[in-house]
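Please read the sequence and the structure together.

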Amino acid sequence: MTELLRPRAIGRDLARRDGVAKVRGTATYAFETPVEAPAYAHPVQATVARGRVTAMDTAAAEALEGVLLVLTPFDAERLASTEDREYAVLQSDEVAFRGQVIGVVVAESSERARQAADTIRVTYAEREHDSTLSVDRSDLYTPEKVNPSYETDTAEGDVAAAVAAADVVVEQTYSTAMYHNNPLEPHASTALWEPGADVPLTLWDSTQGVHPARAAVAKVFGLDEEQVRVVCPYVGGGFGSKGTPHANVMLAVMAARALPGRPVRLALTRQQMFVLAGYRTPTIQRMQVAAGRDGRLSAIAIDVVEQTSKIKEFAEQTGIPTRMMYASPSRRTTHRLAALDVPVPSWMRAPGECPGMFGPEVALDELAEALGMDPVELRVRNEPEVDPETGKPWSSRHLVECLREGADRFGWRDRPPPRHRDGDWLVGTGVASSVYPTMRQATSTSLIRFEAGRYVVEIGAADLGTGTWTTLPQIAADALDVPVEDVEVRIGDTRYPIASVAGGSSGMNTWGSAVVEAARTFRDTFGRNPGDGDEAQNGVDQAATDDDHAAYAFGAQFVEARVHADTGELRVPRMLGVFAAGRIINPRTARSQFIGAMTMGLSMALHEHSVWDTRIGQVANHDLAEYHIAVNADVGDVQAHWLDEHDPHVNAMGTKGIGEIGIVGTAAAVVNAVYRATGIRVRALPVTLDKLLAALP
Ligand code: MOS
């Protein structure tokens, strides 16, 4: 049990410290870092989905004026580590998916690099590829773990027997599509190799973690971490795709190493991001839920089939939330993977929980319907006393309060009857729960120095638009017991003490805890009247995390859907979420994260779908003209509220992490609202016109 920080700066609605620089365009992003005489790199990509590169004719490219360098698998440097095959760029002539990097051109301008890359003639020994995900594949396999290290399969009780004996059963298959992160700022780097310097490699990279990026790069190139500096003050969105480096980062560094002294810039094009920046695997979820007439679950089971790449396993932990969400004496969760000739899947906002709450939360709606029970009440009735999976007490769990408060605020009790008609529009409302685990990442350290009357806090943390520049000073101010204006924070550089990745909604939990420890040490050492230059450092590690409690944030989301009775046009005029996510550091930046994630959930419900062309093995709609993302016109009234939750078990701030929970459950709430409006149950996302039009009443 931790003593919570006394909030003074925490909880204040402070404006973003980086806001002015961003609005004025003076905030520098990785690609625009001011450097002397930058050169520009453009990747060459495979145009077959599987096979070998037998030859590359680079003569025309090399002859173009302004071309500085062409690298291919036949002449690129040999990397120190090729263990991670996503990072093993240009190490082999093998092609494992269409669009894989098979070369790079560096030139005096980005246009010239691109033009030169286009002139390179490649011959292949092409082989048949196989990139079709299905539940019938004979080669589905059981991964050893699912991300990051959860049991692959779990079972408790006898689901089959419970299903056979139950009053009401729902057995259905649900599916989520392939999704791409598409942050506004593409994946981009500027790399500078200066042999002989103390720190020979400097990498300005758009990343969710400068220290993790440094570790990955150092390993691949066989450098000591001290020989690499990674810098990233600002990120134009990441959502997980910048949580680990991708091949583009290694390619930029490799190009820079071949041109000592020349900074090399490499930004992926939007189309390249649909191949090289990771994506969320499509999932197929076979659900079974069984209950008595009283609505109490006797069984809940999810059997997940999803994909990974042949060169690198990524096992999305889709079944995880089914293990802990509701009280059911029998439970089963399984994961099976198909390893396909496809790009490498990766992290995307609430990996696991986001797709993994779609099937269960729609299945519960179907169960409520079968029982003739209010879907809010059905969830309340299945509230578990302790974590069903581990038997641990909750650090705090206020799902029921979120459902109740959300219902009140939304006007749930007065919801229109099924298939209610308002003029030409069918109107319905839906609900779903949200959940996200409260994590702390491995190691983070912070340094605090008294400098010219102010407290300077240094830590290699990231702000990918989430608000770290603003919220970390609030934590430091309360930990030091000084006004927030007296605190300056420096983040986004490996010159500062080591910080964990901005991932798993754990950034503030981890870095904030490190800052609190550093503040304690500072005060213990120097008291309340420090001298100029006094400094102290301290931090946290994973081992310090409370392991006696099951720690999660919870939420409830309510949606109103309107479907045009003749055209099937779907509008979502109202979304409302209530979250119990621990203490909120800054309501302004927090609200932005909640409604941003809910909007991303709406986007997943209505539009997002990377359409996989199995014939050629690539995403057919690989640009923002055809991969649709919710825009302002799609969003009506979006509200995020939160409970004043005090959780003494999670960390010194009482924070649970808020970056991801807002996308969890949203798509299910939309589907449930559409069902109420139309009587059409869409079990495969997204809810597009074709799925509604033919079945409209
Ligand atoms: Mo998030 S997908 O854990 O960066």
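In what order do the 3 strands of the open sheet lie? The model is a predicted one, and in it the order is S4-S2-S6, with antiparallel pairing. Strands S4 (94-95) and S6 (121-126) form the edges, each of them pairing on one side only. In general, the strands of a sheet are held in pairs by backbone hydrogen bonds, and the pairing can be parallel or antiparallel. Strand S2, residues 51-57, is joined to S6 by 6 bridges, and these two strands run antiparallel.

The cysteines come next. A disulfide is a covalent bond between two cysteine sulfur atoms. How many disulfides does a search of the whole structure find? The search returns 0. Cys354 is accordingly in no disulfide, and the nearest cysteine sulfur, which belongs to Cys402, is 18 Å away. The cut-off for a disulfide is a sulfur pair within 2.5 Å. Cys354 has a relative accessibility of 2%, so it counts as buried. Cys232 also counts as buried, because its relative accessibility is 4%; the threshold for that label is under 20%.

Now to a pair of helices. Two packed helices are described by the angle and the distance between their axes. For helix H13 (residues 468-480) and helix H14 (residues 507-526), the axes come within 9 Å and cross at roughly 35°. The crossing of H13 with H14 is right-handed. Which residues of H13 and H14 meet? On the H13 side they are Thr468, Thr471, Leu472, Ile475, Ala476, Ala479 and Leu480, and on the H14 side Met508, Trp511, Gly512, Val515, Val516, Ala519, Phe522 and Arg523. By residue class, this contact comprises 11 nonpolar, 3 polar and 1 charged.

Most residues other than glycine have a negative phi, and most peptide bonds are trans. Ala452 is another residue other than glycine with a positive phi, here near 50°. Ala452 sits in the loop between strand S20 (444-451) and strand S21 (454-458). Is Ala452 buried or exposed? Ala452 counts as exposed because its relative accessibility is 69%.

Where are cis peptide bonds found? One runs from Asn147 to Pro148, with omega near -15°. Pro148 belongs to the loop between strand S7 (145-146) and strand S8 (150-151). The bond from Leu685 to Pro686 is cis too, with omega near -5°. Pro686 lies in the loop between helix H16 (666-678) and helix H17 (689-693).

A last stop is Asn181, in the loop between strand S10 (168-176) and strand S11 (188-193). Its relative accessible area is 7%, so Asn181 is buried. What does Asn181 touch, leaving aside residues up to four places away in sequence? The contacts are Gly238, Phe239, Gly240, Ser241, Trp347, Met348, Arg349 and Met600. One of these, Trp347, is 166 residues from Asn181 along the chain, while the C-alpha atoms of the two are separated by 8.7 Å.

How values were computed
Residues numbered from 1 in each chain as written. Predicted model: local features only at pLDDT ≥ 70, side-chain atom pairs only at ≥ 80, totals over all residues. Heavy atoms only, no water. Pairing = 2+ DSSP bridges. Helix = DSSP H or I, 4+ residues; strand = E, 2+ residues; numbered from the N terminus. Buried < 20%, exposed > 50% of the residue type's maximum accessible area, 1.4 Å probe, protein only. Axes fitted to C-alpha atoms, helices over the stretch in contact; angles between N-to-C directions. Left-handed = near helix turned anticlockwise from the far one by under 90°. Contact = heavy atoms within 4.5 Å. Nonpolar A, V, L, I, M, F, W, Y, C, P; charged D, E, K, R; others polar.
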